[in-house]
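Please keep the sequence and the model at hand while reading.

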Amino acid sequence: MGLSRVRAVFFDLDNMVIDTAEASRRGMMELQRESEGVPDVENTLIKASPFSIKGPMLHQVIKLLQSKYHYREEAKVICDKVQVKLSKECFHPYSTYITDVRTAHWEEAIQETKGGANHRKLAEECYCLWKSTRLQHMTLVEDVKAMLAELRKEVRLLLLTNGDRQTQREKIKACACQSYFDAIVIGGEQKEEKPAPSIFYHCCDLLGVQPGDCVMVGDTLETDIQGGLNAGLKATVWMNKSGRVPLTSSPMPHYMVSSVLELPALLQSIDCKVSMSV
């Protein structure tokens, strides 16, 4: 590819390197499908830790949903409510724990659907089931692996993601993407997250490059693109899968792509423009 101007590329994680939204959707679908397909059983309480549900525990949780609370028909309603709450989630990693926030989503959804109180135990079980299934579906697809491997022959690659330390580290481990990047920076581990310039400068220091050498690639205008602009990076690239038109008040990226696989050609184009201007 012969890149000579761009020295480093910063990638967002969620819905960029991995399809987080699809993994979340599939987690919800599996929870709903299991709750509809498991026969009724006698009232049972789960004695194991609510944060260790895997394998056989998945079926035990669904049995609990049906036998203790008779949630066969209500399961989808509860899942839909949680999905809405996740989409509106406002999480501050320095003052709250993501497990508490998301367990509360389930607890509220159950209470809104069934009424009553003291649904904490069931909420913990539902959250852990959704979380474990979601992580199973967080994979790095072969085309993206190949693209990253080729890019890394020419430029430094860094994964830059906002969010809770534990949650993001679990995703990174699940999709096994560490080996494709020279460094990984998680907002929840830093003093400031995107779009603060400081986290971008920290990334530059890790790679031994200047902001003017770097390109930020992400799907969120308010954090990825605004942050890249704030830090004075060479370019920002917005991945816009849906083709939506940004609001006039939104940060304006230098470039836009509909797939991360378009990035190598775009980087080559950026370098060509720089070469012609020298």
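## Parallel strands

Strand E1 (residues 8–11) and E4 run parallel and are joined by 4 bridges, where strands count as paired if DSSP finds at least two bridges between them. Opposite Cys-214 in E4 stands Ala-8. The pairing continues from strand E4 (residues 214–218) to E5, again in the parallel sense and over 4 bridges, with Val-217 having Val-237 as its bridge partner in E5. Between these two strands the chain passes through helix H9 (residues 221–231), and the β-α-β crossover from E4 to E5 is right-handed, meaning that, with the strands pointing away from the viewer, the path from the first strand over the helix to the second runs clockwise. Met-216 is likewise paired with a residue of E5, its bridge partner being Thr-236. E5 is also joined by 3 bridges to strand E6 (residues 255–257), which runs parallel to E5, and there the bridge partner of Met-239 is Val-257.

Strand E5 (residues 235–239) is largely enclosed by the rest of the structure, because 5 of its 5 residues are buried, a term that stands for under 20% relative accessible area, as against exposed at over 50% and partly exposed in between (1.4 Å probe, protein chains only). Ala-235, Val-237 and Met-239 point one way from E5, Thr-236 and Trp-238 point the other way, and all are buried. E4 is mostly covered too, with 5 of its 5 residues buried: Cys-214, Met-216 and Gly-218 lie on one side, and Val-215 and Val-217 on the other.

## Basis and overall figures

This is a predicted model, in which local features need pLDDT of at least 70 and side-chain atom pairs count only at pLDDT 80 or more, while totals for chains, interfaces and linings use all residues. Residues are numbered from 1 along each chain as its sequence is written, and side-chain values use heavy atoms, with hydrogens and water left out.

The chain's secondary structure comes to 10 helices and 6 strands, taken as DSSP runs numbered from the N terminus (helices H or I, at least four residues; strands E, at least two). Of its 278 residues, 50% count as buried. Among contacts (heavy atoms within 4.5 Å) with a separation of 6 or more, 68% are between residues 24 or more positions apart.

## Nonpolar cores

A nonpolar core is a set of buried Ala, Val, Leu, Ile, Met, Phe, Trp, Tyr and Cys residues joined through side-chain atoms within 4.5 Å. The largest holds 37 residues, of which Val-9, Phe-11, Leu-148, Leu-159, Phe-181 and Leu-263 touch the most other members. A second, separate core has 16 residues, including Phe-10, Leu-158, Leu-160 and Ala-231.

## Two helix residues

Thr-20 belongs to helix H1 (residues 20–37) and, at 5% relative accessibility, counts as buried. Its side chain makes a polar contact of 2.6 Å with that of Asp-14, a polar contact being a pair of N or O atoms within 3.5 Å; within protein, one must be able to donate a hydrogen and the other to accept it, and residues adjacent in sequence count only if both atoms are side-chain atoms.

Glu-107, in helix H4 (residues 98–114), is partly exposed, with a relative accessible area of 23%. The C-alpha atoms of Glu-107 and His-119 are separated by 5.8 Å, although the two are 12 residues apart along the chain.
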